[in-house]
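Hi everyone, thanks for coming.

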Amino acid sequence: MNKEDMLNKIAEEIRNCTKCHLAKTRTNAVPGEGNPNARIVFIGEAPGREEDLQGRPFVGAAGKFLTQLIEGILGIPRSEVFITNVVKCRPVPNPNVPARLQRGNREPTEEEIRICSPYLDRQLEIIQPDIIVCLGRHSAKYILSKIGFHFSSLSKIRGNVFEGVIGKKKVKVFVTFHPAAALYKPPWRKIIEDDFRYLKSLMEGKRTKITLEDFF
Ligand code: URA
């Protein structure tokens with residue numbers, strides 16, 4: 001089976017998944033999308049309203065900004081990268097009402113992340129990217145814990161590069177704020193854009209990694 005077939009198989013499992021209660025409220029599960037051979041994978045938190053309705057990651061307002069960052073600053077088409085989330089179904093505040101009828105979102109719980117994250121692990125093992133970009137706290141917490149790094153404040157570690165073995169491959173992990181943060185905290189827009197400029201130079205090999213030891 002080639003990479004695309006393997007990813008499609010996981011996507012089908014995700015669409016049929018009933019491992020947690022989010023299956024009861026979702027309109028669509030959101031497995032992720034993009035190039036099976038992507039060098040770079042972007043990982044968000046969980047689908048929001050628009051993503052739940054369309055079954056695609058980052059297609060709402062935050063997604064529009066993410067697409068601008070990828071295409072405008074990194075200079076690569078969105079279809080060349082792979083975009084997914086730690087949790088594949090939309091977490092909604094009311095567990096008894098279909099997601100499509102609810103406006104609000106909530107953060108995923110630790111239990112939802114524990115149950116859902118093996119799908120992400122398998123996706124990463126197949127794609128084997130060179131760079132993983134963590135968008136926001138939940139994504140950074142999950143991915144960095146895999147390489148033994150724990151943090152208390154995302155603001156202190158964002159814009160940095162970590163290195164470790166994930167999905168059986170040595171990979172660089174880059175951390176930035178969630179693109180939705182720019183929508184409700186406009187000054188963060190520039191911070192995220194600057195982080196993406198740094199990311200571009202990292203992709204071009206102009207920057208070196210910052211190792212975990214540099215932090216201590
Ligand atoms: N926020 C996320 O974390 N992921 C999406 O897919 C959309 C919004």
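Let me begin with a question: which residues in α1 meet which residues in α5? On the α1 side they are K3, M6, L7, I10, E13 and I14. Their partners in α5 are Y119, R122, Q123, I126 and I127. Sorted by class, this contact of α1 with α5 has seven nonpolar, one polar and three charged residues. And before I go any further, please keep in mind that this is a predicted model.

Now for the geometry of that pair. Two packed helices are described by the angle between their axes and the distance between the axes. Helix α1 covers residues 3-15 and helix α5 covers residues 110-127. Their axes are 10 Å apart, and the helices pack at an angle of about 170 degrees. Since angles over 145 degrees count as roughly antiparallel, α1 and α5 are therefore roughly antiparallel to each other.

Let's move to another helix pair, α4 and α9. Here we have residues 61-74 for α4 and residues 187-203 for α9, with axes that come within 10 Å and cross at roughly 45 degrees. That angle makes α4 oblique to α9. As for handedness, the crossing of α4 and α9 is right-handed.

Who touches whom there? From α4, the residues are F65, L66, Q68, L69, I70, I73 and L74. From α9, they are R189, I192, E193, F196, R197, L199, K200 and M203. By class, the contact of α4 with α9 has 10 nonpolar, one polar and four charged residues.

F42 and F196 form one that is stacked, at 6.0 Å centre to centre and with 5 degrees between the planes. F42 lies in strand β2, residues 40-44, and F196 lies in helix α9, so this pair ties together parts that are 154 residues apart in sequence.

F177 sits in the loop between β6 (169-176) and α8 (181-184), while W188 is in helix α9, so the parts tied together here are 11 residues apart in sequence. F177 counts as buried, at 6% relative accessibility. W188, on the other hand, is partly exposed, with a relative accessible area of 22%.

Finally, two backbone spots for you to look at. Q128 has a phi near 50 degrees, a positive value in a residue other than glycine. You'll find Q128 in the loop between α5 and β4 (131-135). With a relative accessible area of 30%, Q128 is partly exposed.

The other spot is K168, a residue other than glycine whose phi is positive, near 65 degrees. K168 is placed in the loop between β5 (161-166) and β6. Is K168 buried or exposed? Its relative accessible area is 67%, so K168 is exposed.

That's my tour, and I'm happy to go back to any of these spots with you.

Notes. Residues numbered from 1 in each chain as written. Predicted model: local features only at pLDDT ≥ 70, side-chain atom pairs only at ≥ 80, totals over all residues. Heavy atoms only, no water. Axes fitted to C-alpha atoms, helices over the stretch in contact; angles between N-to-C directions. Helix = DSSP H or I, 4+ residues; strand = E, 2+ residues; numbered from the N terminus. Parallel < 35°, antiparallel > 145°, perpendicular 65-115°, else oblique. Left-handed = near helix turned anticlockwise from the far one by under 90°. Contact = heavy atoms within 4.5 Å. Nonpolar A, V, L, I, M, F, W, Y, C, P; charged D, E, K, R; others polar. Phe/Tyr/Trp six-rings, centres within 6.5 Å; stacked < 30°, edge-to-face > 60°. Buried < 20%, exposed > 50% of the residue type's maximum accessible area, 1.4 Å probe, protein only.
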